[in-house]
Amino acid sequence: MKQTSQLGSYAHKFPRGRAAELPKETLLKMYRDMVEQRRFEEATGRAYGLGKIMGFCHLYIGQEAISVGAAAALRPSDVMMSAYRIHAQAMARGVPAQAIMDELFGKATGCVQGLGGSMHIFDIAKGFWGGWGLVGQQVPTAAGVAFAQKYQSTGDVTMVFFGDGAVHQGAIHETFNLASVWGLPIVFVVENNQYGMGTALSRVSSLEPLHEMADAYKIRHYEFNGMDLLESYDAFADAVDYAREHSRPVYLEARCSRFRGHSMSDPGKYRTKEQLEEEKAHDPIPGFAAFLVDCGVTTHEALEALDETVKAEMKLILERAEAAPWPDAELISKYVLVSP
Amino acid sequence: MAQLLFRDALNQAMSEEMERDSRVYLLGEEVAQYDGAYKVSQGMLARFGEKRVIDTPIAELGFVAVAVGSALAGLRPIIEVMTYNFAILSLDAIINTAAKAHQMTAGQLSCPIVLRGATGAGGALAAQHSQSLESQYTHIPGLICVSPSTPADAKGLLKSAIRDPNPVIFFEHEALYSAKGEVPDGEHLVPIGKGDIKREGSDVTIIAWSRQMKQLIEHADAWSEELGLDIELVDPRTLRPLDMDLILASVKKTGRVVIVEEGFQFNHVGAEIAYRIQRDGFDLLDAPVERVTNIDVPMPYSPALEKLVLPNADRIKAAIRAVCYK
Ligand SMILES: Cc1ncc(C[n+]2csc(CCOP(=O)(O)OP(=O)(O)O)c2C)c(N)n1
Ligand SMILES: [Mg+2]
C-alpha cells in the first residue's frame, strides 16, 4: 500500500509502516470515525448556539486524526484519560455518541446522568476515564492508574492526553520523573495545537519542541504529524507496544491545530484568517479521503454517501437528546459518597 | 457618578493604582494580549506595556509563588487567577508563604499581594468550575479576604486592597462581571473591614455578599412586601476581618438573622458569622440564626439540578419565615 504524507512532514524516530498492515475495513472504519467526530462536533456547536448545551464547551474539530489513531492502537482493557476537549476522544474509545450528546444536554440518559456535561465525559466500562477540568490534573492521576496496572500485573497500559498549555504545570514534571523511576506503562500524549486558550505556546514556553523535555527524564519520545491519520496510528501503535512490553513511559507530541476557538465563547482573535486557512489546508479528513481513493480502497461517491448517512445520524442524535428526560432531583446527593 | 460594569470598575481600580505606584504590576493567564479571560484587564497591556502586564504560562503554583517572592522583595503584584478553582494549585504559596512571612520573620518581611479572580457558580460549569472556596482563605490568619457585590464596592475595595500592606484575597463572582452599577467619580476608596447596609429594614437582618447580595438587593422590596417583613440587607464586603460592629448593630435592631451565601455549607464563612453573632449577641436574638447555602454537594452540570443546589428564592424566603416564626 502506498504511504503518503502529503500533509506536511515532521521528523520522526518511530518505526514507520505499522499502518500499512491495517486491513481495508479498518481503514474505512477509521475514516468513518473521523467523519462522525467532525459531524458530532458541528452538531454540538449548533446546539450550543441554540442554548441546548451550556457551560464551557470545547470542540475537537481539526484534531480527529489523533483520537482515531490513538484508539486504534489500544486494547479494550487499556485506559484512556484526558482533559476537557473530549467528546471526540470518548467517541473514538467507543462511548456511544448518543450518551455523549445526552450528557451535553444535561439529561438523565447521559453517560454520567447529567452530572458532568461537556468537560466530564466518563465511561469506565469502555476504558474512557474522562473528563478532567483542571489543566494538567489528569496526568499524575493517569500515572496512578498505570501504577495500579503494573502493581496488579494486568498487562494493560494507560494513555493520557494533555494540551500544550498543560506542559508547564509542575505536576506534569513530577509525574514524568515518577513514571520513569517506577517504570510505569503509560503513554503521555501532548496534543500541541499551539495554543492554550488565547496564548501562543512560544510566548510562554522554553520547552519547544515539547517532546524533548522527556530527555531529562530518560523517557522515550517522539513527535508526529497529528493531522495525518497514518502517521498518528504508526506513532501510537509503536508507543503502546513499547509501554506494554517494557513497562516504560513514552512521550508523544502530536503536532496539530484546532480549527475553532478555544471554547464556544472564544472568538479567536489571536489568529489571523490567513493563518487559520493555512491550518485548515492540513485538514486530516479530506487528506485521508484522498489517500483512500488513491489507493483504490473506496470511491469519492461512496465517501460522500457515508457523509450524508453520518449527518442524518447526527440530526437524529440531536432530536433524541432534546427528547430525553431531565435527571431527578435525588441525583443531587446520590453519589457524594459511596453508599453502603 | 458613572454607570460602570463590574469588570470595568475593577479595571479602573487596577489602572489608577498602577498609575499611582510603579511597584504595582499585573500578572496571570491571558491577562495581557487576550485582555483577560473575563476581559477585566482590557486595554491594560497597551496602556502599561509588557513589563507591568504579564501573561503567564498555565502554572499556578509557579507564577503565584514567584509573585509572592517579588512582594517580599518590595513589589506589589496583582495576581489574576482566572478562577479560584485553579488557585487551589497555588495554595502553598498563599498559605505557607504569603500568610506566614510577616509573623515568621517577626515583622522583617511583609507580603503585599492581591490575589484576585472569579469565584462561584457561573452557570452549568459543573463540579470543578463552580466552587466558592472563600473559607479556604478566611480560615487562614495572615490573610485578608474581600468579596464585593457592586461595581462601586469592587472599585473602592480593590484600590484599598492594592494599597494594603498585607496579602489580600479578592473574590469576584463570575456572574457579576457584566453587572452594572453607579461608581463615584474621582478617587473612590472603600475601607477594608467595613461592611455596608445595602437596605435599611426593621424586622429581619439578611447577611450576604457578592452575587447573593446583588440578587437580594433586586428582590428585597418585593419580598418585604410579600412577606410583610421589612428586610435589612447587611453586606460585610470584607469576609476577614469581619465588621462585627455593623452586624451586631443590625441584629440589635431586628433580633432575627438569615445568612445567605454560595458555597458548601460545612465550615463556610456564614458558620463563623453565625457563631460570632451568638457569642457576642446572644441576648439580641429572638430566634436561632438560619443559613441558606448551596446544598452540600459537588455541583451537578445539568441546569435542571444546578438551580436546586444554589440558594434560591424559595429557600431564602423559607428561612426568613423560619426566623420570624411566620
Ligand atoms: C489549573 C487550571 N488553570 C487554568 C484553567 C483555565 N483553562 C482552561 S483550558 C486552558 C488552556 C489549556 O490549553 P491546552 O492545555 O493547550 O489545551 P487545549 O485547550 O489547547 O486543548 C486554560 C488556561 C484550568 N481549567 N485549569
Ligand atoms: Mg493547546
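Predicted model: local features only at pLDDT ≥ 70, side-chain atom pairs only at ≥ 80, totals over all residues.

**Notes on the model**

1. A:Asp164 sits in the loop between β3 (158-163) and α6 (170-182) of chain A, while A:Asn193 sits in the loop between β4 (186-192) and β5 (195-196) of that chain, so the pair ties together parts that are 29 residues apart in sequence.

2. Turning to the interface, 39 residues of chain A are in contact with 34 residues of chain B. The size of an interface is often given as the accessible area lost when the parts come together. Between chain A and chain B the buried area is about 2,700 Å², and carbon and sulfur atoms give 67% of that area.

3. Which residues form the salt bridge between the two chains? The rule finds 1 salt bridge across the interface of chain A and chain B, and in it A:Arg203 is paired with B:Asp55, with the closest N and O atoms 2.6 Å apart. Residue pairs in polar contact across this interface, both at pLDDT 80 or more, number 13.

4. On the side of chain A that touches chain B, the elements that give two or more residues are α4 (97-104), α7 (201-204) and α12 (331-334) of chain A. Of the elements on that side, α12(A) gives the most, with 3 residues. Sorted by class, the side of chain A that touches chain B comprises 20 nonpolar, 15 polar and 4 charged residues.

5. Is B:Ile78 buried or exposed? B:Ile78, whose place is in strand β4 (residues 76-83) of chain B, is buried, with a relative accessible area of 0%. Leaving aside residues up to four places away in sequence, B:Ile78 touches B:Met14, B:Val24, B:Tyr25, B:Leu26, B:Leu27, B:Val114, B:Arg116 and B:Ile162. As for B:Val64, which is 14 residues from B:Ile78 along the chain, the C-alpha atoms of these two residues are separated by 9.8 Å.

Note on methods:
Residues numbered from 1 in each chain as written. Chains lettered and ligands numbered in written order. Heavy atoms only, no water. Helix = DSSP H or I, 4+ residues; strand = E, 2+ residues; numbered from the N terminus. Contact = heavy atoms within 4.5 Å. Buried area = accessible area lost by both parts, 1.4 Å probe. Salt bridge = Lys/Arg side-chain N within 4 Å of Asp/Glu carboxyl O. Polar contact = N/O pair within 3.5 Å; in protein donor to acceptor, adjacent residues only side chain to side chain. Nonpolar A, V, L, I, M, F, W, Y, C, P; charged D, E, K, R; others polar. Buried < 20%, exposed > 50% of the residue type's maximum accessible area, 1.4 Å probe, protein only.
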